[in-house]
Amino acid sequence: MIEATPAVRLEDLTVSYRRRPAVHGVTGAFPAQSLTAIVGPNGAGKSTLLKAVMGLLPAAGGRIHLDGIHRRDIAYLPQASELDRSFPVSVADLVSLGAWRQAGAFGRVSGRALERVREAIEAVGLGGYEGRVIGTLSGGQLQRALFARVLVQDARLILVDEPFTAIDTRTVADLMALVRRWHGERRTVIAVLHDLDLVREHFPQTLLVARECVAWGPTGEVLTPERLRQARMLSQSWFDDPGLGAPHERSAA
């Protein structure tokens with residue numbers, strides 16, 4: 001059990017791609033020990049926001065405050081489509097990457113860290129797959145391996161980006177059980193998701209974005225038909241005139 005968990009605070013955060021805001025003026029906080037889903041239309045900036053918190057993308061404006069945590073204490077699980085599955089790495093090697101803090105950048109995983117790797121592989125249902133090359137895994141098996149890597153990392157803040165896309169129902173249930181386990185261990189978990197039914201069932205907090213923040217708070221209060229419709233309309237307004245700034249800036253011009 002971890003002793004303390006972080007909070008993430010966003011202060012008027014803007015993150016840009018090619019000088020265009022992918023996330024614009026978002027302010028709010030992910031409370032310590034919370035379980036929060038980030039949802040919104042396609043192109044709404046959900047993954048961008050997660051990458052900015054991880055430090056993979058710079059803020060073009062505003063700030064990200066990590067209260068009581070260093071970025072080395074963050075576990076990040078990217079979209080499966082961002083992984084190079086042609087790289088000849090085994091399941092055991094992939095999961096072992098979660099132990100880098102103990103082993104060092106070029107160190108060998110051994111002792112208790114190696115035991116934790118084995119335990120994590122068993123925990124996600126991949127016992128016997130340790131030597132399998134990741135390019136031979138199904139989508140669900142790869143996600144299980146990535147979740148095992150997060151288990152080994154033992155992070156206080158966990159960021160997962162669309163972890164349940166294109167995988168079978170049983171794997172979703174098994175991995176969702178791990179997410180609930182992390183929450184029960186008082187970690188802070190933030191997940192980008194598309195399945196609103198899954199969000200309503202399992203995630204107490206939700207951030208609804210359409211490049212801007214539409215709503216942020218208890219899931220039942222955020223995922224209302226009116227706010228979902230507002231998010232779709234706001235997202236469409238960006239795509240209708242993508243060369244200009246934020247919608248409220250255009251109306252004032």
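Predicted model: local features only at pLDDT ≥ 70, side-chain atom pairs only at ≥ 80, totals over all residues.
Two strands count as paired if DSSP finds at least two bridges between them.

In S4, Asp67 is the bridge partner of Ala7. S1 and S4 run antiparallel and are joined by 6 bridges. Strand S1, which covers residues 7-17, also pairs with S2, again in the antiparallel sense, over 7 bridges. Together the 3 strands make an open sheet whose order is S2-S1-S4, with antiparallel pairing. Strands S2 (20-30) and S4 (61-67) are the edge strands, each of them pairing on one side only. From one strand to the next, the twist averages 20°.

| Strand pair | Sense | Bridges | A pair of residues across it |
|---|---|---|---|
| S1 and S2 | antiparallel | 7 bridges | Tyr17 opposite Arg20 in S2 |
| S1 and S4 | antiparallel | 6 bridges | Ala7 with Asp67 in S4 |

S1 and S2 form a hairpin with 2 residues between the strands, and Arg18 takes a positive phi there, near 50°. Tyr17 stands opposite Arg20 of S2. As a general point, side chains in a regular strand alternate between the two faces of the sheet.

**The helix on the sheet**

Helix H1 spans residues 46-54 and packs on the sheet, where it touches S1, S2 and S4. The direction of H1 makes about 115° with that of S1.

How much of H1 is covered? The helix is mostly covered, with 9 of its 9 residues buried. Among them are the residues Leu49, Leu50, Val53 and Met54. Lys46 and Lys51 are also on the list of buried residues, as are Ser47, Thr48 and Ala52. Gly55 follows H1 and has a positive phi, near 95°.

**Aromatic rings**

Another feature of the model concerns its aromatic side chains. Rings of Phe, Tyr and Trp are taken as a pair if their centres lie within 6.5 Å. By this rule, the count is 3 aromatic pairs. Which residues do ring pairs link into a cluster? The cluster consists of Phe147, Phe164 and Trp182.

How values were computed: Residues numbered from 1 in each chain as written. Heavy atoms only, no water. Phe/Tyr/Trp six-rings, centres within 6.5 Å; stacked < 30°, edge-to-face > 60°. Helix = DSSP H or I, 4+ residues; strand = E, 2+ residues; numbered from the N terminus. Axes fitted to C-alpha atoms, helices over the stretch in contact; angles between N-to-C directions. Contact = heavy atoms within 4.5 Å. Buried < 20%, exposed > 50% of the residue type's maximum accessible area, 1.4 Å probe, protein only.
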